[in-house]
Amino acid sequence: MVPGPARHRDRAGGARVHAVRARRRVRTQPESWGGQVTTAAGRLLRVEDLTVTYGEGPDAVPAVRGVDLTLDAGATLGLAGESGCGKSTLALALLRLLPRAATLTGRVLLDGEDVLTMRWGRLRAVRWAGASVVFQGAMHALNAVHRIGDQVAEPLLVHGGATAAAARHRAADLLEQVGLPAARTSAYPHELSGGQRQRVMIAMALACEPHLIVADEPTTALDVMIQAQILRLIEGLVAERGISLLMISHDLAVLADTCDRLAVMYAGRIVEEGPARAVYDAAAHPYGRALSEAFPRVGDPASRLAPRGLPGDPPDPAALPAGCAFHPRCPVALDRCAHDDQPLRAAGEGRTAACVRVEG
Ligand SMILES: Nc1ncnc2c1ncn2[C@@H]1O[C@H](COP(=O)(O)OP(=O)(O)OP(=O)(O)O)[C@@H](O)[C@H]1O
């Protein structure tokens, strides 16, 4: 008999996790998070059939619906989509950082270990040292009453096992690496600009030398010049250290400029994934095309004249349309799109797309 789903409440007070035991495999635990990536073919992250649902019963909100994703060691992946499509939920699910109301199913294999079923002690070690998150809006993510040097030192003390003096020294060093002079280590968050605060978040994310950084809209609310500086900083730091990056944004142009590959999300599902330039220049899915046309292209004056924005609004995840969730807004929908949802299938140039118009 196939065992039924195992369900338990995260001891961190977070999301409930249903893990399908039948699919769990015995695997070797990596010795430490500072070591080499142990998975086959350098694959650092593998998300399999991940679902996240907020609430239960008739009010349940299926925010992430059967997502599969992979990210190789040292590679960068951009995750794009309109507000409410489930990007942040997916990002937070990777480290089980979701609120109690969320129920998760599927697998999130980080360096070969399933984050969704790992014990609380192991999860604590994986956060910061295995993977760390740069949240949007640094002012809310930083502690207003602690000096930034102390905040950067904290993960080193708690997760890195450093002495207080060593952590302070390393924090100053990290702040300098992200472009903040050592003299600023004693500043409070409110004494810094938005861009400087985001640099502090990046220094914290780097502190325990993670294999993966998840950056959730890291440049939201920054002006264009500072946004470009922060993006270049992240790009340079991860490339230099061989860290994998999952960067989330509603702006496909920013992601295409920063990442090797792009995944486009709509109504909780990945609808296209592939090499960043191919997806940005000629998306196979009509939603990907609409998203790339929604932003002006640098150096292409004609694109400024193109109609911006998509017609209509994204669907309410609690009341998704039947068939392909994009069909009510799709300019090339066929009759069958109203009742047939499409799986991701090969769409040429190393990419996949979930559209009836893509030949299998
Ligand atoms: N704690 C929660 N309880 C219930 N529903 C939630 C909760 N958090 C998010 N949602 C819902 O889940 C869906 C996905 O939200 P999510 O924040 O992941 O989207 P997003 O693509 O990251 O949007 P944004 O770019 O605006 O942050 C939305 O419909 C949202 O209202």
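In the predicted model, helix 2 (residues 120-129) has Leu123, Val126, Arg127, Trp128 and Ala129 as its buried residues; a residue is buried if 20 or more other C-beta atoms, placed from the backbone, lie within 10 Å of its own. Helices (H or I, at least four residues) and strands (E, at least two) are DSSP runs, numbered from the N terminus. The cover over the buried residues of helix 2 includes strand 6 (102-110), strand 8 (131-134) and helix 4 (148-158). Residues are numbered from 1 along each chain as its sequence is written. In this predicted model, local features need pLDDT of at least 70 and side-chain atom pairs count only at pLDDT 80 or more, whereas totals for chains, interfaces and linings use all residues.

The largest nonpolar core contains 101 residues. Such a core is a set of buried Ala, Val, Leu, Ile, Met, Phe, Trp, Tyr and Cys residues joined through C-beta atoms within 7 Å. Ala93, Val152, Ala203, Leu262 and Val264 touch the most other members, and the largest share of the core, seven residues, is supplied by helix 6 (residues 194-206). Contact between two residues requires their C-beta atoms, placed from the backbone, to lie within 7 Å. Not counting residues up to four places away in sequence, Val264 touches residues including Ala80, Gly81, Ile270, Val271 and Leu291.

Helix 6 also holds Ala205, which counts as buried because it has 28 C-beta neighbours inside 10 Å. Beyond its neighbours within four places in sequence, Ala205 is in contact with Ser132, Val133, Val134 and Ile213. Ala205 and Val152 are separated by 53 residues in sequence, while their C-alpha atoms are 8.5 Å apart in space.

Strand 3 (residues 43-54) pairs with strand 4 in the antiparallel sense over eight bridges; pairing requires that DSSP find at least two bridges between two strands. Within this pair, Val47 stands opposite Leu69 of strand 4. The two strands form a hairpin with six residues between them, and Gly55 in the turn has a positive phi of about 75 degrees.

Around the ligand there are 15 residues, of which Tyr54, Ala63, Ser83, Ser88 and Thr89 come nearest. A residue is near a molecule if its C-beta atom, placed from the backbone, lies within 6 Å of it. Two or more residues of this shell are given by each of strand 4 (61-72) and helix 1 (87-93), and helix 1 gives the most, with three residues. The shell comprises seven nonpolar residues, seven polar residues and one charged residue. In this division, Ala, Val, Leu, Ile, Met, Phe, Trp, Tyr, Cys and Pro count as nonpolar, Asp, Glu, Lys and Arg as charged, and the others, Gly among them, as polar.

Definitions and conventions
Buried ≥ 20, exposed ≤ 12 C-beta atoms within 10 Å, placed from the backbone.
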